[in-house]
Amino acid sequence: MRNFFCSVLVWVIALSAGNAAPLSYTLDKGASRVGFEVSFGPDQITGELPVQSAEITLDFQQVANSSVAVVLDVGNAKANFPFATQALRGPKVLDTTRFPTISFVSTEIKVLPDAPSKARMSGEITIRDTTRPITLDAELFRPADRALGERERLIVQLSGAVSRAAFGATGWSDLVGDTVALDLMLQIDLAE
């Protein structure tokens, strides 16, 4: 998802702005989303998974000390057409009765030297009670109406992909592709 109401908050600018201590943020659930996309023959199945919770700590002096933990509510996942929603939640794909959440926990965050507004986030994702490593691309934004360097409200955008087969979510593999593209947009507010 592209967010045209934001402008980039460059990590390098944030590093020069002081505030040595890590900052904790709370999630604005109503303004946050996780989108997904997977091939369906010549078409695409797209949809969203609600964010149940998130714990985010950002350290603008030592980015490696930052951390992200996100839990998704798969029981309320929705696809772009009803049959796909039913199949997605069913036992052959996410099996939401047995596995009501998907979780991600970061293990390492590095700013990209050739693109200082971007970072690479390594972590572990758990789907259907199976945990695998994943790498996500991360960007940090601030709302366009906020001053440069302001940190009270930020937007974290994460993108990456997972293999359905790696987590046993193999239903309808003759029709639906294996690679699921993920796009997380988390709006966060500085904790008081």
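Residues are called buried under 20% relative accessible area, exposed over 50%, and partly exposed in between, with a 1.4 Å probe and protein chains only. The structure is a predicted model, in which local features need pLDDT of at least 70 and side-chain atom pairs count only at pLDDT 80 or more, while totals for chains, interfaces and linings use all residues. Residues are numbered from 1 along each chain as its sequence is written, and side-chain values use heavy atoms, with hydrogens and water left out.

We can start with the aromatic rings. Rings of Phe, Tyr and Trp (its six-membered ring) pair if their centres lie within 6.5 Å; planes under 30 degrees apart count as stacked, over 60 as edge-to-face and the rest as tilted. Two such pairs turn up in a search of the whole structure. Phe-40 and Phe-81 make a tilted pair, at 5.9 Å centre to centre and 45 degrees between the planes. Because Phe-40 belongs to strand β3 and Phe-81 to the loop between β7 (78–79) and α2 (82–89), this pair ties together parts 41 residues apart in sequence. Here helices (H or I, at least four residues) and strands (E, at least two) are DSSP runs, numbered from the N terminus. Phe-40 is partly exposed at 25% relative accessible area, and Phe-81 is partly exposed at 25%. The rings of Phe-83 and Trp-172 are edge-to-face, because their centres lie 6.3 Å apart and their planes meet at 80 degrees. With Phe-83 in helix α2 and Trp-172 in the loop between β11 and β12, this pair links parts 89 residues apart in sequence. Phe-83 is partly exposed, at 47%, as is Trp-172, at 30%.

Strand β3 also has pairing partners, where two strands pair if DSSP finds at least two bridges between them. β3 (residues 33–40) pairs with β12 (residues 179–190) in the antiparallel sense over five bridges; Arg-33 has Met-185 of β12 as its bridge partner. Seven bridges connect β3 to the antiparallel strand β4 (residues 43–49), with Ser-39 opposite Gln-44. The β3–β4 hairpin has two residues between its strands, and Gly-41 in the turn has a positive phi of about 60 degrees.

The loop between β11 (153–163) and β12 also holds Ala-165, which counts as partly exposed at 45% relative accessibility. Its contacts (heavy atoms within 4.5 Å) are Thr-170 and Asp-178, not counting residues up to four places away in sequence. The C-alpha atoms of Ala-165 and Gly-177 are separated by 9.8 Å, 12 residues apart along the chain.
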